[in-house]
Protein chains: 6
Amino acid sequence: MDKKDNTRINEAIARLSDEASYQKLFHAYRDEEGLPSTEKLEEAVNLCRAILFPGYYGKAKVSKATIRFHTGVQVEQLHALLSKEIYAGLCFADPDCPQCNESALWNKATTLSESFLTTLPSLRDILATDAEANYDADPAARNRSEVIFCYPGFRAIVNYRIAHELYRLDVPYIPRIITELAHSETGIDIHPGAKIGHHFAIDHGTGTVIGETSIIGDYVRIFQGVSLAGEKLPPDECGNTIRGIARHPIVGNHVTIYSNTTLIGRIHIADGVVIQGNQWVNQSIEK
Amino acid sequence: MDKKDNTRINEAIARLSDEASYQKLFHAYRDEEGLPSTEKLEEAVNLCRAILFPGYYGKAKVSKATIRFHTGVQVEQLHALLSKEIYAGLCFADPDCPQCNESALWNKATTLSESFLTTLPSLRDILATDAEANYDADPAARNRSEVIFCYPGFRAIVNYRIAHELYRLDVPYIPRIITELAHSETGIDIHPGAKIGHHFAIDHGTGTVIGETSIIGDYVRIFQGVSLAGEKLPPDECGNTIRGIARHPIVGNHVTIYSNTTLIGRIHIADGVVIQGNQWVNQSIEK
Amino acid sequence: MDKKDNTRINEAIARLSDEASYQKLFHAYRDEEGLPSTEKLEEAVNLCRAILFPGYYGKAKVSKATIRFHTGVQVEQLHALLSKEIYAGLCFADPDCPQCNESALWNKATTLSESFLTTLPSLRDILATDAEANYDADPAARNRSEVIFCYPGFRAIVNYRIAHELYRLDVPYIPRIITELAHSETGIDIHPGAKIGHHFAIDHGTGTVIGETSIIGDYVRIFQGVSLAGEKLPPDECGNTIRGIARHPIVGNHVTIYSNTTLIGRIHIADGVVIQGNQWVNQSIEK
Amino acid sequence: MDKKDNTRINEAIARLSDEASYQKLFHAYRDEEGLPSTEKLEEAVNLCRAILFPGYYGKAKVSKATIRFHTGVQVEQLHALLSKEIYAGLCFADPDCPQCNESALWNKATTLSESFLTTLPSLRDILATDAEANYDADPAARNRSEVIFCYPGFRAIVNYRIAHELYRLDVPYIPRIITELAHSETGIDIHPGAKIGHHFAIDHGTGTVIGETSIIGDYVRIFQGVSLAGEKLPPDECGNTIRGIARHPIVGNHVTIYSNTTLIGRIHIADGVVIQGNQWVNQSIEK
Amino acid sequence: MDKKDNTRINEAIARLSDEASYQKLFHAYRDEEGLPSTEKLEEAVNLCRAILFPGYYGKAKVSKATIRFHTGVQVEQLHALLSKEIYAGLCFADPDCPQCNESALWNKATTLSESFLTTLPSLRDILATDAEANYDADPAARNRSEVIFCYPGFRAIVNYRIAHELYRLDVPYIPRIITELAHSETGIDIHPGAKIGHHFAIDHGTGTVIGETSIIGDYVRIFQGVSLAGEKLPPDECGNTIRGIARHPIVGNHVTIYSNTTLIGRIHIADGVVIQGNQWVNQSIEK
Amino acid sequence: MDKKDNTRINEAIARLSDEASYQKLFHAYRDEEGLPSTEKLEEAVNLCRAILFPGYYGKAKVSKATIRFHTGVQVEQLHALLSKEIYAGLCFADPDCPQCNESALWNKATTLSESFLTTLPSLRDILATDAEANYDADPAARNRSEVIFCYPGFRAIVNYRIAHELYRLDVPYIPRIITELAHSETGIDIHPGAKIGHHFAIDHGTGTVIGETSIIGDYVRIFQGVSLAGEKLPPDECGNTIRGIARHPIVGNHVTIYSNTTLIGRIHIADGVVIQGNQWVNQSIEK
């Protein structure tokens, strides 16, 4: 670099290092604790898959004789990994909290991680119904194995169901990062707060969006580009966005929604309704 | 972990290791043979790209003087890589087959891999027409090189054409995994069973879906969010999904379909038709 | 490989090494210079993020005491990385240029890289408005930190704003590769040539497309599946595609466009307009 | 590369590709089977360490509650890894064997691997005596943990004892590669064929050599640079080196040999003898 | 695995998981804290090199204009890395200590790391004299740069001097692991407890050993295979090895010791003495 | 870090960034050019091995049918890799040279690399004699393949012969780094300047040193710990070390030197002499 370069670049460095410049965008996190790690959370989700679907995921080859060794080791690894990420999430959620106590936070994190582990058996049960539903939904599927191993719709549902359990435990940030991992991979964006019944199927799925306060019944099937969107609420008296109010659709059992249709607002779709594609639906639909 | 933790976690491990719990979701694969590997198949697709488009892909710098050395080495590597993955796919397709013979399967796998290799020269020819079409379709493209190097539409078409050749050879699973790799990267979901003519162009492409029994002519151009979808068939007498029936659209030559339009069912779109965006089309269109 | 294999494979190698076969698809690039590297450009974008949002990205933990050390080192690394990639882009843009001089190209590349670095402080300012806007737009967001750290819409806007500065400097290829990185990760496809005002928000975003000559005002908010598309222009007298003409929409300030709507052609959307979802809009909209 | 370069380089390539040039140095190995892999064998040795010394090696943190899960998984991994390497060793040992049967070789390899696994419990017992002896030998050692974790002498003994068990099972090549791994790391070269009693200690160890037919008693301690060397035997009648004859020293119990001393030939060192450093010893020593 | 295999292997697993079998070799370390990591310590030593010898080591290219940025970042990284490893060392040193307090240990670790950092400037000064001495010692050296960049003797001295400062601070284990890293790479084994003056040179060095209580003056030069060994002390009344007593040689200033010579016991070598190679020296040498 | 820490650490940073502190140890290398890379040179040596010994090294499986493709690609890769490293070595050798011209240096580097490539066929011929000799020397060797694949003595000779060709071409630094790679791995330290005849064998080898001006005949065999050392020369009139004078032994044909013997100074060892181990030899030996 000749001198002229240095001048311009050094000016840029000085401006970028000026506190006034970065104060709105600086994350002053708790000393010694990093941010949650998307890489580590991807590892954690992969461990969940290896535990839930023995033989499909994970590096090891399991047989019925050795499955208990593998499950034991993987659950222990998952516990360690998830505890750290939940801890990072708790610190991130409240970086400046003055009276906050590190070992109290760490205890909270390990307890939350442990509570999540206890939901794995029931997660496996409900995901078995989703595998069934996705297989039935797609005439191009050869067998259930193919659905479990490589269907993006099923993949996104797995991440959502893991994230939803963590969301129910009030773990901050981590559930959202887990559903965003699936969003990036599959184009399917399910908010971890949504409530979704069993036998849920998503076909193709790119562009599918299911918002935070959506409620979906059992045996529902949706296609690519379908949105369950929230209506825009007016700001509060101070002009701030109001958060957390129910604003997404409620979808009954045995409903099918074809591609690129948007359902918007707290509308109700009755059991058994089939909605054509490319619609803008902002009113409830009776049977 | 204190004792209370251990109790709850050990219960979870015990439940997860219980055969009744995992039997619906367990993949009892052939001893010593793993599942097909998405990483290895990504490597195989990258090798195809390096062979088909010398100078654009691959780590080595090729010149006309040395291109034959590189092609020789890469074809040999591709043969080894693909044989293993096809073998894994054959095992995955029929994990319990009792009379199945390992070396017969391996011979079948290497023969299929070899047959695929012989299609590479014609794959290059048809992909040259696709590169041309995508360049013509996008006024923002500077030259053909940019299309080959970084256009997601072209990228997805390459994966589809590779997968389609493997599909025609009746290789199980592998074609689908290859198109899913492109789906994840580009948001474009083309089933390997679809039949697509030359000079095919996809612009932007996120959310585009082309179903298993679609037939597409030459010089067709489609945009993001376009679906060639299958109509839902009634189940058979036993209530099972009927598989393999022609149920997706047939699109003629020189057709253009604008963004977010869905074509559904075994309808026919005549040569030269231009379809506006955001439509739900469930009837044939004459010129 | 038995002999029969070798024969068929060697024929394929011979055909693939035949100059007639590859000449349309061969990239005869400048000796000693490789193509731009998507991996390196991803690294460069990550360095930009680490510089712009101290504490959110990058491996190092920064404190106010040490931020200037980190900024200094990261800007220097970014300069080195970007200079090489811009150089590769310049070579790729004109591979055969006979009178081209390597050290002149290298000087041009380092000067362009340096000019980009000087825009980083103002990039940080405008991105602070985008973070604000995305937070306000989503009632599900807990705080600004979550938006900066894991919202795909914001992520895509960061890549776009970096790419747009490089586009304004007439750097070839590199801007497009940077926006394609975000496209692949988020499904949001913003052409680096588009002009976009401050406080820009994208919600969910999968399938969103903003074309090359689009102009977007301040405080605009768009949803998933929205396209700002170009109308198809007739070819020139020689039958070639005309390139570079303004053909995408102009969107005013404070406009909201709901999911899956397509705006096509050089239409004007007036300030403050709200457009419902799933529309095909090919005419200007007055307030 | 300009043309002149190409000429000289192409000549080199042609000469190097000429069969006459490489025939003495070409390894025509069995199709589809690679050579044994030093990386994989290093992994196998590390797995042995993790199994034998729980808590010292391996990535996982073991507790008494979970040790059986880890042991189960690690033994299974070791079995898979070692079977493949032993198979590669068997193929390497007899690459041209015409009547050789692949699945017979593979069965032999897995049986040998399994037989090795059954020796792990007794390997742990004898290595416990070696850890004890190395701790007693070095006044600078703080505790046994330090010896197990980071003493090069103990490290080399572990590799030797693993290799010796494989040598006793007549596994070709693999034992030697395992002791060479330790040789490279520690400078201690123990031939896997040597017979060494319990409570064996090596201090510092760089340059220590223990030849193929050496026999060493219990409670022996040796230092850096000590060689137990073979005397040179006259060639056989055809002028060829005679292989496999006992030609290295026999060392009794409770012997100490100081640094840089060479013992050469089939000499006997009586129980309890202490040998000064820097000696050339080619005659037996009585007590 | 057929059944017979499983039986034998399962027996081995059961025996290896039996507490009686592993109790002598089990490291019951503090929950949540792993062992010191040789990989991380190698990273820490490399960071020291990058700080001490700007321009020779480390990935970044430093110039005088930017050296302070790099030094700032690297010292901060080293502090973080070293604090963790020292902490792991403290935990390893006393794994069962019941009254031990985690945050007290952590505070101790960060203070020790910080104290080490303050010695870096004087470490640089004395290493400059060693570089000078090694250059003068070897007529084959072209310049000082070559010595700093690739001489194994100098490399081992750097590790020793870093380790010695940590040893003086009473950091457990870590100093020994750092000198063992150099031992493995160079074959030179210097105990971190040895005291060595300035202008110290080691030529070639493989097999060189310098024991724990050795004292070496200034301007000393030694060759490969030279040992400064401890005499064997009689055990204490209980038959245990006595630890920590001065038992290695004291070497004066300006001494040269040629290859493969062993000095043993608390002998004194006077200033200026030159000792021939291949000697066994167990008595003091006057000038 | 609390404030007290920061003070002490910031002082250390300030002292370390002070030019007076680092000026003796700073490498002010040519802008844009890094130092030679040991990793890249290890890769280059591995490529040489893969070219010279087809089937033993390298990732690809070669057959006689495809060996020419592999050789072509590998020679091209080696040329690119080595040219860059030689260039870095030339820059390192003369970092301040003001009139130095970058493209002249680059041309020199590629020409040197090319000249080295032309020596590969004869390197293969002489290494075939070394493989033969090492096999004959060791009664424990099963066949030549084992020698080529895993004998450290042969490994060090390969590195030496590669380095010696580069030394003869006057390439600076690179030859020394290549022999140091073998030194670190095997404990065998052969200076690239030594001249060594054909059929050269080293057994075990740890601690073996062969100095810069040594001359060794054909059919020579040496053991571990053997040094061919230089006598110490008096400094020149200004007190500086005299460099480059012949000062190491000359060893005739068919000589054997047993372990730990040192030969020192420009002495002559006649043809056919056998030297016992643990000797200090500073006078010539007649037959």
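These are my notebook entries on how chain C meets chains B and A, with a stop at a sheet in chain B.

**Ground rules.** I am reading a predicted model, where local features need pLDDT of at least 70, side-chain atom pairs count only at pLDDT 80 or more, and totals for chains, interfaces and linings use all residues. Residues are numbered from 1 along each chain as its sequence is written, chains are lettered from A and ligands numbered from 1 in the order in which they are written, and side-chain values use heavy atoms, with hydrogens and water left out.

**Entry 1: chain C against chain B.** I looked up contacts (heavy atoms within 4.5 Å) and found 53 residues from chain C and 53 residues from chain B. The buried area (accessible area, 1.4 Å probe, that two parts lose on being put together, summed over both) is about 4,800 Å², with 57% of it on carbon and sulfur atoms. In chain C, the residues that lose the most area to chain B are Leu16(C), Leu25(C) and Arg243(C), together 16% of what that side buries.

Next I checked for salt bridges (a side-chain nitrogen of Lys or Arg within 4 Å of a carboxyl oxygen of Asp or Glu). There is one across this interface, and I found Arg8(C) and Glu114(B) meeting in a salt bridge at 2.9 Å, N to O.

Which helix of chain C gives the largest share of the side that touches chain B? I noted helix 1 of chain C, with nine residues. Helices here are DSSP runs of H or I, at least four residues, and strands are runs of E, at least two, numbered from the N terminus.

**Entry 2: chain C against chain A.** Here 54 residues of chain C are in contact with 53 residues of chain A. I read a buried area of about 4,800 Å², of which carbon and sulfur atoms give 57%. Glu114(C), Arg124(C) and Pro139(C) supply 13% of the area that chain C buries against chain A, more than any other three residues. I also found one salt bridge between these chains: Glu114(C) with Arg8(A), the closest N and O atoms being 2.9 Å apart.

**Entry 3: a sheet in chain B.** I followed five strands of chain B that form an open sheet in the order 1-4-7-10-13, with parallel pairing. Strands count as paired if DSSP finds at least two bridges between them. The edges are strand 1 (189-190) and strand 13 (280-281) of chain B, each pairing on one side only. I saw two bridges joining strand 4 (residues 209-210) to strand 7 (residues 227-229) of chain B, and Val209(B) stands opposite Ser227(B) in strand 7.
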